[in-house]
Amino acid sequence: GPAERGALWRAELTGRRVLAVLDNAADAEHVRPLLPGHSDTLVLVTSRRRLVELDGAHALSVEALGEEEATELFGRIVGERARREPEAVRETLHLCGHLPLAIRIAAARLQHRPRWTVAYLTERLRDHRRLLDGVSAAFTLSYEQLDEAERSMFRLLGLVPGRDIDTYGAAALAGIPEEEAEELLEGLLDAHMLLQLEPGRYTFHDLLREHARSIAEDDGAVMRLLAYYLHRSRAAMDRLFPHSVGQREGIPQPVTEE
């Protein structure tokens, strides 16, 4: 059984220096039985989700590549054409959002089309849908590992007209309590489906935003969000200009209030 196999695994590691790679773990419970006891084994776990439940683990998030790393990756695949068109390469990397998977897909297209220039590739990638077709399979795998409530929030966030959103706005968008919205947003953050560039505000990588938009369905969520923003604007106006309160009738109450 699993307990006996786990005990045998740990016994085999005793007295050895081993690098164990546990790839694409679904969650902490997926890898916990494989963690060694007291030994010199180093365990490297890869996962689409941050495994915050693993005590003592050192978490390292793989973010978008820097300019130099992205250029090196693209050039290693494409070769001489990349060195001849540095400006077009920079534009291509920008359109890829410096996302390693997107860069590899774009570079592979160029590699297998010897008559294309980097500039021609860049023009094709200006339509994000062309690049999204390549990375959507990977995004779908991450999406399918979410629970149903997180999937629903992810789809709804694709409808947001702005660049980012806070917890209260997300609660209004989904028509749920603020505490529940925050839990879902943090879950999406742990699953690397959202970014947090400053505390309390959540946003997408550009390609993930396009993916969310492609599967989003509006059940009145945008109107709930706009009603919330209207309510917040009215509250600010009431505080700043109390003498004109009577001129702001007919503004609906939001689904979720701060």
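Mentor: What follows describes the pockets of this model and their linings.

The model is predicted, with local features needing pLDDT of at least 70 and side-chain atom pairs counting only at pLDDT 80 or more, while totals for chains, interfaces and linings use all residues. Residues are numbered from 1 along each chain as its sequence is written, and side-chain values use heavy atoms, with hydrogens and water left out.

A pocket here is an open set of points, on a 1 Å grid over the protein atoms alone, where a 1.4 Å probe fits and protein lies on both sides within 12 Å along at least five of seven lines, and a lining residue has an atom within 4 Å of a point. The largest pocket holds about 1600 Å³ of space, a volume being the space filled by probe spheres set on points joined across faces, edges and corners. Its lining counts 43 residues, and Ser47, Leu60, Ser61, Val62 and His192 are those nearest the centre. Two or more lining residues come from each of β1 (19-25), β2 (42-47), α6 (100-111), α8 (128-144) and β4 (195-198), these being DSSP runs numbered from the N terminus (helices H or I, at least four residues; strands E, at least two). Of these elements, β2 gives the largest share, six residues.

The second largest pocket has about 210 Å³ of space, and among the residues lining it are His94, Arg163, Phe204 and Asp206. Both β4 and α12 (206-215) supply at least two residues of that lining.
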